[in-house]
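Subject: Handing over the structure

Hi there,

Here is the structure I promised to pass on. Have a look through it first, and then read my notes below.

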Amino acid sequence: MIKAEWFYWLVGAIFLVMAAQMVTDRSNPKRLGTAAFWGLIGAGFVYSSWVVDDRAPAEPLGVAVLAMAVLAGFGFTGRGTVRTTTGAERTASAARLGNRLFVPALTIPLVAMACAVGVKELSIGGEPVLQKGSETILGLGIGAIVALAVGMVMLREKRIATPVHAGRSMLEAMGWAMLLPQMLATLGTIFSVSGVGEEVGELTTKVLPEDSLYLAVAVYCAGMFLFTVIMGNAFAAFPVMTAAVGWPVLVEQADGNAAAVLAIGMLAGFCGTLVTPMAANFNIVPAALLELKDQYGPIKAQLPTAVVLLGCNIVIMSAVAF
């Protein structure tokens with residue numbers, strides 16, 4: 001049986017290999033801090049397997065996260081010289097391959113779908129080929145490996161070191177912001193467990209006037225928007241605002257349709273995703289990869305749309321959820 005842990009170990013090994021490359025890259029003035037940051041991530045992927053199996057304490061992972069926050073927050077990470085082809089070489093390659101350049105990218109979802117739907121049903125000796133419950137994540141990993149092989153064949157690249165160097169350059173270009181969504185999602189879970197939603201709910205109940213349904217709808221949607229701006233992730237904001245307003249006020253007290261209230265509330269949260277630098281994978285990382293002069297350019301462009309959509313979600317919830 002192919003286990004999900006094997007995929008995580010492979011990801012961790014790749015991070016560790018890239019960290020070793022970073023240590024030797026003297027073109028990066030902050031090579032040691034950069035290598036330490038990504039090396040800790042790689043070690044975490046491996047060590048966490050023992051934590052899940054209760055064979056090792058979880059505290060070292062927490063220390064690693066704090067160390068990564070220090071390395072990123074105090075500017076100890078940097079970027080070396082990118083090892084890549086010239087602009088003329090890339091133009092010639094693109095002209096030669098044309099739309100076939102999309103084949104490796106499309107290979108990943110196709111293989112992932114095949115694993116999640118078809119390979120999922122296969123078994124050998126009574127044991128499933130893919131670990132039960134992890135077919136999708138394993139399909140994503142297998143798809144990435146297949147796509148790498150397809151890309152190397154298409155580009156006639158024989159050295160595995162070339163895509164490793166390219167991946168390292170992309171990691172350094174995106175920097176610590178690439179991990180921000182995962183960190184913030186964890187923060188949302190912590191908020192939920194620690195009772196932040198209940199505290200916000202008590203405060204909201206005291207402030208909201210009696211029988212103020214539409215005001216409660218506006219508070220829920222605006223709260224989802226604002227908490228998403230703070231956390232950078234609507235999924236992190238959802239348990240907090242739903243425990244505070246969505247469920248107790250709009251569903252239980254106002255007898256709202258739970259599916260409509262919660263779905264539209266999530267859409268209101270997505271409006272906040274458009275206007276926050278905390279949603280790094282949507283707003284900051286693309287700006288870094290495209291080397292935009294204004295790193296907040298995407299947010300400025302998306303702000304009017306976000307405000308209009310938030311208003312639309314408030315109106316739609318008020319009209320259809322009750």
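Of the 322 residues in the protein, 37% are buried, where buried means under 20% relative accessible area, exposed means over 50%, and partly exposed is anything in between, using a 1.4 Å probe and protein chains only. Please keep in mind that this is a predicted model, in which local features need pLDDT of at least 70 and side-chain atom pairs count only at pLDDT 80 or more, while totals for chains, interfaces and linings use all residues. Residues are numbered from 1 along each chain as its sequence is written, and side-chain values use heavy atoms, with hydrogens and water left out.

The overall picture

The protein has 15 helices and two strands. Both are DSSP runs numbered from the N terminus, with helices being H or I over at least four residues and strands being E over at least two. The C-alpha trace spans about 70 × 55 × 45 Å along its principal axes. Among contacts with a separation of 6 or more, 72% are between residues 24 or more positions apart; a contact means heavy atoms within 4.5 Å.

The expected span is 1.5 Å times one less than the number of residues. Which residues of helix 5 are buried? They are P104, T107, V111, A112 and C115. These cover an arc of only 125 degrees around the axis, so they sit on the same side of helix 5; the arc is taken from the directions from the helix axis to the C-beta atoms. As background, an α-helix has 3.6 residues a turn, so residues three or four places apart point the same way. On the other side of helix 5, L106, L110, M113 and V117 are exposed. The cover over the buried residues of helix 5 includes helix 6 (135-154).

T107 counts as buried because its relative accessible area is 12%. Leaving aside neighbours within four places in sequence, T107 is in contact with G143, V146 and A147. The C-alpha atoms of T107 and I145 are separated by 9.7 Å, and these two residues are 38 residues apart along the chain.

Helix 10 (residues 213-231) has 19 residues and reaches 27 Å from its first C-alpha to its last, close to the 27 Å expected at 1.5 Å a residue. Its buried residues include A216, V217, Y220 and C221. Just after helix 10, G232 takes a positive phi of about 80 degrees.

S318 belongs to helix 15 (residues 297-320). With 17% relative accessibility, S318 is buried. Not counting residues up to four places away in sequence, S318 touches Y214 and V217.

The second largest pocket

This pocket has a volume of about 650 Å³. On a 1 Å grid over the protein atoms alone, a pocket is an open set of points with protein on both sides within 12 Å along at least five of seven lines, and lining residues have an atom within 4 Å of a point. Grid points are joined across faces, edges and corners, and the volume is the space filled by probe spheres set on the points.

The second largest pocket is lined by 20 residues, and I41, F45, V65, Q182 and M183 lie nearest its centre. At least two lining residues come from each of helix 1 (4-24), helix 2 (31-52), helix 3 (59-73) and helix 8 (180-193). Helix 2 gives the most, with six residues. By class, the lining has 14 nonpolar, five polar and one charged residues. Here Ala, Val, Leu, Ile, Met, Phe, Trp, Tyr, Cys and Pro count as nonpolar, Asp, Glu, Lys and Arg as charged, and the others, Gly among them, as polar.

Some loop residues

Most residues other than glycine have a negative phi. R156 is not a glycine, yet has a positive phi of about 60 degrees. R156 lies in the loop between helix 6 and helix 7 (161-174) and is exposed, at 65% relative accessibility. D255, also not a glycine, has a positive phi of about 55 degrees. D255 lies in the loop between helix 11 (234-253) and helix 12 (258-273) and is exposed, at 64% relative accessibility.

Happy browsing!

Terms used
1 Å grid on protein atoms, 1.4 Å probe; cavity = no way out; pocket = protein on both sides within 12 Å on 5 of 7 lines; lining within 4 Å.
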